[in-house]
Amino acid sequence: MPELLTSWGTAVIHLLIQPYYYIALIFIALYYRRQVALERKLIHVKLHSWGQETWRTVWTGAVAGLVVSLAAVALGISVTYTAVACIWVVSLVLMLFRVRYLCFAYAIGVLGVVQFVLSFFPGALTHGTAGTVAGAVREMDIPALLTLAALLHLAEALLARWQGPRLATPLFLAGKRGKVVGGYQLQAFWPLPLFLLIPPGAGIGELPWHPLLGGGLGLVSLPVLIGFSEMTQGMLPGRKAARTFGRLLLYSAVLLGLSLLADLWSPLTVVAALAALLLHEGLSWYSALEERSLSPIFVHPPAGRKVLAVLQGSPAQELGILPGEIVLKVNGVLLTSAAQLHQALRMNPAFCKLEVLNREGESKYLQRAIYAGDHHQLGIILVPDPDGSLTAEAKPSSIFSIIRMRTGTRQRGVRPERLGRAKKKTPPAEAKQDSAGV
């Protein structure tokens, strides 16, 4: 026990002095700052606080990291300091292509394929820095690391189900028929400080139990970053998060099974590594295919205005108005445009009566006093006008757009690369119309 506690303390110190965990924290803070900038650009108000969301992901990631670490230690998953550096370097390189490639399943899958290729050239790359790196890759326990990737995706699935809907950002997107429709981006990241076993040997004592995947009595820190990215026009955020949860759960189960089989029979290692890459890509491809097959649900009906989102702590939230519902009448006025909402509320500045159709199409009647300081439109964010001019890109963020705080919004008909040089400003009336009820 004293030896294990000493090793734990050493691993904590290494976690604090190495740069990888701080890189993850900086990336997350930048991402949430960009999310707030995107919300201000599209709906002229922020739904999230980048400081609060960063703190929330840090402490929930720490809890998830502790749970995954305990499971990894119980299984005997081990990693060396050199392997930690290799995993992070590959992850950072992959992230330059797409942010979602920062997922460690990609890095470990790539390293597994590289290890398989190096096995055909045992005498190559044996000297210098390249030899050191190649030696570290050859010595990696890829099945154990793929088992770790499966555990991380299990944690990612649970976090996506738990926190995904509240982290969703409403978007104005260009629809299939050239009209602007509402949608949501569900994207979140969590930094996990992991503590894994050191491979047995080199003076490392044996564990008091027989681990499934080996490992010695010693710990090394491995900070990782997990996350998911989805975009939807045809589902509510809660339903999309639930589907993401189910698919990530299935992916982690399949990857865990292949990894354990590869540990028993080494020729399956490359199969498990390729599965980690291809199945993950398959999830993204299938999700995009599913969205293309669905009709947008965040569009206005002929009568009434559909709700895209509701501000936290607003009168609309207190009244129980939910995204996807339709505000049919305000103070007896049938709504046929976003501008009518504000006009109808001004008819009685001290009180409002609403008729709202819920998601099942049933009417509910709401009423509330209006106090000084309340939002001028109750805090309702309506679906955008179909002829609106401002839209967001319907694709995941890139690392460069996150660092440079580029929201990806564009005026319809203006090419993205020219948007930053455009001199013409949006007229106030048009900007108010594009805010769709904020």
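The paragraphs below go through a predicted model, from its confidence to a helix, a histidine and a set of strands. Residues are numbered from 1 along each chain as its sequence is written. Local features need pLDDT of at least 70 and side-chain atom pairs count only at pLDDT 80 or more, while totals for chains, interfaces and linings use all residues; side-chain values use heavy atoms, with hydrogens and water left out.

Confidence is given as pLDDT, the predictor's own score for each residue from 0 to 100. The chain has a mean pLDDT of 82, and 86% of its residues reach 70 or more. Helices (DSSP runs of H or I, at least four residues) and strands (runs of E, at least two) are numbered from the N terminus. Confidence is highest in helix α8 (residues 237-264), at a mean of 93, and lowest in helix α14 (residues 428-434), at 39. Over residues 416-438 the pLDDT is below 50, and this stretch has 35 contacts in the model beyond near neighbours in sequence, a contact being heavy atoms within 4.5 Å. Where pLDDT is low, the predicted coordinates should not be read in detail.

Helix α4 covers residues 81-95. Its 15 residues reach 21 Å from the first C-alpha to the last, close to the 21 Å expected at 1.5 Å a residue, where the expected span is 1.5 Å times one less than the number of residues. Among the residues of α4 that are buried are W88 and M95; buried means under 20% relative accessible area, exposed over 50%, and partly exposed in between, with a 1.4 Å probe and protein chains only. The buried residues of α4 pack against several elements, including α2 (20-43), α5 (104-118) and β3 (219-232).

In helix α7 sits H153. Its relative accessible area is 2%, so H153 is buried. Its side chain makes a polar contact of 3.1 Å with that of H280. A polar contact is a pair of N or O atoms within 3.5 Å; within protein, one must be able to donate a hydrogen and the other to accept it, and residues adjacent in sequence count only if both atoms are side-chain atoms. Leaving out residues up to four places away in sequence, H153 also touches C103, A105, L248, Y251 and S252.

Strand β2 (residues 180-197) has 18 of its 18 residues buried. Strands pair if DSSP finds at least two bridges between them. Six bridges join β2 to the antiparallel β1 (residues 169-174), with V181 in β2 as the bridge partner of L173. In the hairpin of β1 and β2, five residues lie between the strands, and G178 takes a positive phi near 85°. Strand β2 also runs antiparallel to β3, through 14 bridges.
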